[in-house]
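Reader: Before the terms are discussed, please show the structure to which they apply.

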Amino acid sequence: MQRSVMASAILGFSVLSSSILAQEKSVRPGVNDSFRDPKVSEFQEKFEIESREVFSKRKEIVEGCKVAPGMTVADVGAGTGIFTRLFSEAVDPKGQVFAVDIASNFLEHINSTNREAGRKNVQTVQCTPDSTKLEPATVDVAYICDTYHHFEFPFKTMSSLHAALKPGGRLFLVDFKRVEGESTDWTMKHVRAGQEVFEAEILSCGFKKVREHSDLLKENYFIEFERVEPTK
C-alpha cells in the first residue's frame, strides 16, 4: 500500500506540475485575514500556552524532526517563533533557520526576540499566499505546524517548498485531526479538510511519505515526508 502510494506520487509529479503552477483560485478565501495585522501579544496568549498540544509537546516534536547541528531549517508559518527558537538551538551557530511567515508583525517580533537572545542564525522571510519565497535548494528540513490548512494556494506553495529543499530534504507536517464526530466544532469549521486530503496534495507536489509519528500527539497528526526528484 505504502509503495503504491509513493510510486503514484513519483509518476504523477510531472503530469501534475502544470496544474500546480496554474493554480489560480484560493481554496479558502479569507482564511488569513486575521494575519494581515496581528497583535503579537494576543497570539502569544493563544499559541504559547501549555493547554495547546503542540506547545506542550514542542521539545518532543523538535526531537522527532531529527535536526542536527549545521543544518538549515525552514519554519514555515513561524508565528510567534516558538519552534524557530528551538530549531535555532538545535542547529547551533553553524546552522541556519529561516522563519517564514505571511505576517510582518510576527517576523519583526521574531527578529527582535532572537536579536535580544543573541541568536544570530535566524533569518526571517516574508512569504506570499502562493510562495514560501525561499531560495532553491537551500533547506535541509522544512517544518509546517498548524499552518498547512492556512495555505490558500497549497499546490503553488508546496511547489515552491519542494524547490527550496535540497535533494533528499525532509518535510515535517503537523496539523489538526479533522474527523467527523470526534473533532471540535472549531476544527470542523476552520480546517478545510482532513489528513487524507492534505497528504494527497503534498504527495502530488513531489514528496513521498516516510513515516507517521502516531504515538506523540492526540489532537494533531505528525508526518514525515521526503522530497522526490521530478521525473524527466
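Author: In this predicted model, helix α9 (residues 195-204) lies across β5, β6 and β7 (220-227). The helix runs at about 135 degrees to β6.

Reader: What is the angle of about 135 degrees between α9 and β6 taken from?

Author: Angles run from 0 to 180 degrees between N-to-C directions, so the value of about 135 degrees compares the direction of α9 with that of β6.

Reader: Which strands does helix α6 touch, and what is its direction relative to β3?

Author: Helix α6 (residues 104-116) packs on the sheet and touches β2 and β3. Its direction makes about 170 degrees with that of β3.

Reader: What makes β3 and β6 edge strands?

Author: The open sheet has seven strands in the order β3-β2-β1-β4-β5-β7-β6, with mixed pairing. Because β3 (122-126) and β6 (207-212) each have a single partner strand, one side of each is left without a neighbour in the sheet. From one strand to the next, the twist averages 20 degrees.

Reader: How do you know that β4 and β5 pair?

Author: Pairing requires at least two bridges. Strand β4 (residues 139-145) and strand β5 (residues 165-176) have six, in the parallel sense, and therefore count as paired. Tyr143 has Phe172 in β5 as its bridge partner.

Reader: What makes a residue part of the lining of the largest pocket?

Author: A lining residue has an atom within 4 Å of a point of the pocket. The largest pocket holds about 1,000 Å³ of space. Of its 47 lining residues, Arg52, Asp146, His149, His150 and Phe176 are the closest to its centre. By class, the lining has 18 nonpolar, 18 polar and 11 charged residues.

How values were computed:
Residues are numbered from 1 along each chain as its sequence is written. This is a predicted model: local features need pLDDT of at least 70, side-chain atom pairs count only at pLDDT 80 or more; totals for chains, interfaces and linings use all residues. Side-chain values use heavy atoms; hydrogens and water are left out. On a 1 Å grid over the protein atoms alone, a cavity is a set of points where a 1.4 Å probe fits but cannot get out, and a pocket is an open set with protein on both sides within 12 Å along at least five of seven lines; lining residues have an atom within 4 Å of a point. Grid points are joined across faces, edges and corners, and a volume is the space filled by probe spheres set on the points. Ala, Val, Leu, Ile, Met, Phe, Trp, Tyr, Cys and Pro count as nonpolar, Asp, Glu, Lys and Arg as charged, and the others, Gly among them, as polar. Helices (H or I, at least four residues) and strands (E, at least two) are DSSP runs, numbered from the N terminus. Contact means heavy atoms within 4.5 Å.
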